[in-house]
Amino acid sequence: MKNMSDFVNKPLFFERNRVFRVYLGGLPYAEIFGTDKPEDNMFPEEWVASKVKAINPKYFGPRDGVSVIKGTDVFFDDLLAAYPDELLGNRKYDCLVKFLDSAIRLPVQVHPTKEFSRKHFNSDYGKTEAWLVVATRPGAEIYFGFKEKITKEQLSEYEERSETEKNIMASVLASVPAKVGDMYIINAGLIHAIGAGCTIIEVQEPTDFTIQPERWCGDYHISYEEEYIGLDKSTALDCFDYSLFGEKAIQSAKISPKTVIEKDGYKKETLITYEDTPCFAENRHTLTGGSFVMDFAPAVYIVLEGDAVIKGEDYEKRIKRGDYFYLPYIAENKFEVSGNAVLIECLPSKQN
């Protein structure tokens, strides 16, 4: 951790952080990040400024999923622990930001509430999440809620049938076409799945708790342990909200962005607010020759389009599409972004 004090008072950038999952994806990252080989593979997620360890069926080291500071071998969670005053102040950094890209439909899944996680995983966090669709392939769909009212016993039966009927679970869910710019919030308990052909920026609570009652993901056979992450089947199926089905489920997820500032070549929109969920917030900053000051930290920024410049005292750095960084607490209100670009700002839980 020597000589790291110079890193913690300015925007922090990271090495690429691709994470193994049980589904194929990642082809668009070659264009988005400008570094990856253009192909779909089993590393379809890029975890952004992550302090979270991935839960994976294969072992990729004890820090799988945790980001590394660019140009160093220092893990982000270690840096947060060593410099809490500079990086966090008296605040929390308790969200996880990801890029996801799906070449195939992801397993049908659900995430636990905080209460469920405390009881069964000894964690204060569930996994409420939000999706911003940033690219699609032809025929892309997203699934929310049950198509019709269903019982726990019926869901269990469908799960068993999925051993020989690989796509039976998708038939149980309501779906909508995926369109670039769409914003959804997936509260814990809502059954959902990302269909084939979606590239998404996801903000979520900082866990990897996923219950997926389905035997197959493409040609990958999902083990019982992977389906229920250590829980017995009956307990795991209690995680689902069986009251969310049909149009009610879809409408519970849909979010409409709201413009809060628009002047002098700069527009700020709220995508997810603390009224939507106390778990995190998300804003979109659009620069057309204007500028803005990054006025809250800790925060994570992703350059979604274009290019810009970050300026502060004795500091200037050019950023472009695909770049992302963490803004430390100590850097709040000290750096301005200007140019022609679209940046997504991801904020931690509502602070006390």
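Modeller: The protein chain holds eight helices and 20 strands, and the model it comes from is a predicted one.

Biologist: What makes the protein chain as compact as a globular protein of its length?

Modeller: The radius of gyration is 20 Å, and the globule rule gives 20 Å for 352 residues, so the chain counts as compact in the way a globular protein of that length is. Along its principal axes, the C-alpha trace spans about 65 × 45 × 45 Å.

Biologist: How many of the residues are buried, and what share of the contacts joins residues 24 or more positions apart?

Modeller: With buried taken as under 20% relative accessible area, 57% of the 352 residues fall in that class. Among the contacts with a separation of 6 or more, 75% are made by residues 24 or more positions apart. The accessible surface comes to about 15000 Å², and carbon and sulfur atoms account for 48% of that area.

Biologist: Why are strand 2 and strand 13 said to stand at the edges of their sheet?

Modeller: Seven strands form an open sheet in the order 2-3-4-10-5-8-13, with antiparallel pairing. Strand 2 (18-19) and strand 13 (254-255) each have a single partner strand, so one side of each is left without a neighbour in the sheet.

Biologist: How do you know that strand 5 and strand 8 pair?

Modeller: Pairing requires at least two bridges between the strands, and strand 5 (residues 129-136) has four bridges to strand 8 (residues 183-186), in the antiparallel sense.

Biologist: What joins strand 17 to strand 18, and what lies between them?

Modeller: Six bridges join strand 17 (residues 299-312) to strand 18 (residues 315-320), and the two run antiparallel. They form a hairpin with two residues between them, and Asp 314 in the turn has a positive phi of about 55°. Ile 310 stands opposite Lys 317 in strand 18.

Key: Residues numbered from 1 in each chain as written. Predicted model: local features only at pLDDT ≥ 70, side-chain atom pairs only at ≥ 80, totals over all residues. Heavy atoms only, no water. Rg over C-alpha atoms; globule rule 2.2 N^0.38 Å. Buried < 20%, exposed > 50% of the residue type's maximum accessible area, 1.4 Å probe, protein only. Contact = heavy atoms within 4.5 Å. Areas by Shrake-Rupley, 256 points an atom, 1.4 Å probe, with all protein chains shown as cover.
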